[in-house]
Amino acid sequence: MSAPELTALKNMPISFPGLFGDWSFNPDPVAIHVGHGVYWYGIILALGFLAGLLLCMKQAKRYGLTEDHVLDFVFWAVPCCILGSRIYYVLFYLDLYRDASGALDWSRIVAIWDGGIAIYGTVIAGALVVFFFTRLKKLKFGAMTDLAVMGLLLGQIIGRWANFINREAFGGLTDLPWRMRVWVSAYQYVDVHPTFFYESLWNLVGLLLILFVVSKGRRFDGENTWFYFLWYGLGRTWIEGLRTDSLYLFDWTLFGQPIRVSQALSALLAVIAALVLFYELKFKKHTPEDLLVNGLSAKAPQEEAAGTGEDVPPPSPEATKAEEAPASPAEGDNDGSQT
C-alpha cells in the first residue's frame, strides 16, 4: 500500500527540531495581501525562471547560440510550458476536476492559480517547443536543449523552495536529524522528510557537474541533455519514493503497489539516458566539428572572406601536419585548459 498523503496546515510554523531545537519559522504563503493575493509560490517560481534565463543568456555563446535565440525561444516556451505542466497534472488528477454528476468542471481545470502543476509536463512541452523552434531557426536541436537544461535545473533548484513556503512536497515520517516538523492540525504535528530540499540539493550538484565537468568535455550536441535526464531521473526516482503526495498512474499496480507516475517516468528516462550516453560515447565517433559552436567557428573565416570578395585557400598539407603534431613540452605548458 502507498503511504497516506499528509497535508500540512499553511498557517502553522515549520521547524527542524533535530538541527535547531525549538526555533521555528512561520512564513505567510501570501506575500502581498492585495485582491486574491500575491503568493510567495509565484514570486519564487518567477525568480527561478529569471535566474535560469540569465544563466542561459550568459552561456549561449558556448553552444553556438545567441542571446536573441534564448529570448525568442522563451517567448514561445513560457506559455506552452505552463499549459503543458497544467495538462499533465490534470490528466493524472482528473477525478479532482469532476462535479457531482461526474462531468468535467472546466472552471476548476483552468483555475491554475489554485495550484496544480507538474515538472514533467513542463519538460515535455519544452521539448516540443525546442523541436519546432530549432527547425524554424535552422539550429541544432541538441545544442538548444544542452543550453536549456542548465536554465531548467537552476529554475528547479530555486523553485522547490516555493514548496517549503507552502508546506508541501514533503515526504513520509522520519526521525532523522534533519527531519522537518509540520502541523497537520492545531494540536498534532508530524516529523517528515524535507524532500523539497533533497531535490533542490540534488539538482544543484547536477548543475555544477554540467557547468564544470560535462560541458567542458562535451563531444556532441545533446550530451548535457542526456546527462540531465540521467541525473534528474536517478534523483527523482529516489525522492519520489519518499513523498506522500505523488501522482499515481490511475489505479494500476506493480508488485501490489500503486505506480507513481513521476517515479516510473524518472526511472525510464534514467535508463534511456544511460543507454544513449553509453552508445554515443563508446561506439559513435564524434569530431569537434559535430558541435554547433565549432561548426560556426569554422565557417566564420569563409563567410568573412565572402563578404570582402577574397578567397580563403585551404590549409596546406604542411600546416595540417603541424596542427596535428603533438605539442612540445614547452608549448603544452602554456595552455593546458579547454574552454
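Tyr228 is buried, because its relative accessible area is 2%, where buried means under 20%, exposed over 50% and partly exposed in between, with a 1.4 Å probe and protein chains only. Before I go on, hello everyone: this is a predicted model, where local features need pLDDT of at least 70 and side-chain atom pairs count only at pLDDT 80 or more, while totals for chains, interfaces and linings use all residues. Residues are numbered from 1 along each chain as its sequence is written, and side-chain values use heavy atoms, leaving out hydrogens and water.

Now to the rings. The whole structure holds 22 aromatic pairs; rings of Phe, Tyr and Trp (its six-membered ring) pair if their centres lie within 6.5 Å, and planes under 30 degrees apart count as stacked, over 60 as edge-to-face and the rest as tilted. One of them joins Tyr120 and Tyr232 edge-to-face, at 6.0 Å centre to centre and 70 degrees between the planes. That pair links distant parts of the chain, 112 residues apart: Tyr120 sits in helix α5 and Tyr232 in helix α8. Helices here are DSSP runs (H or I, at least four residues), as are strands (E, at least two), numbered from the N terminus. Tyr120 is buried at 4%, and Tyr232 is buried at 2%. Tyr228 and Phe229 also pair edge-to-face, at 5.3 Å and 65 degrees, and Phe229, at 18%, counts as buried.

And what about Ser15? Ser15 lies in strand β1, and its 10% relative accessibility is why Ser15 counts as buried.
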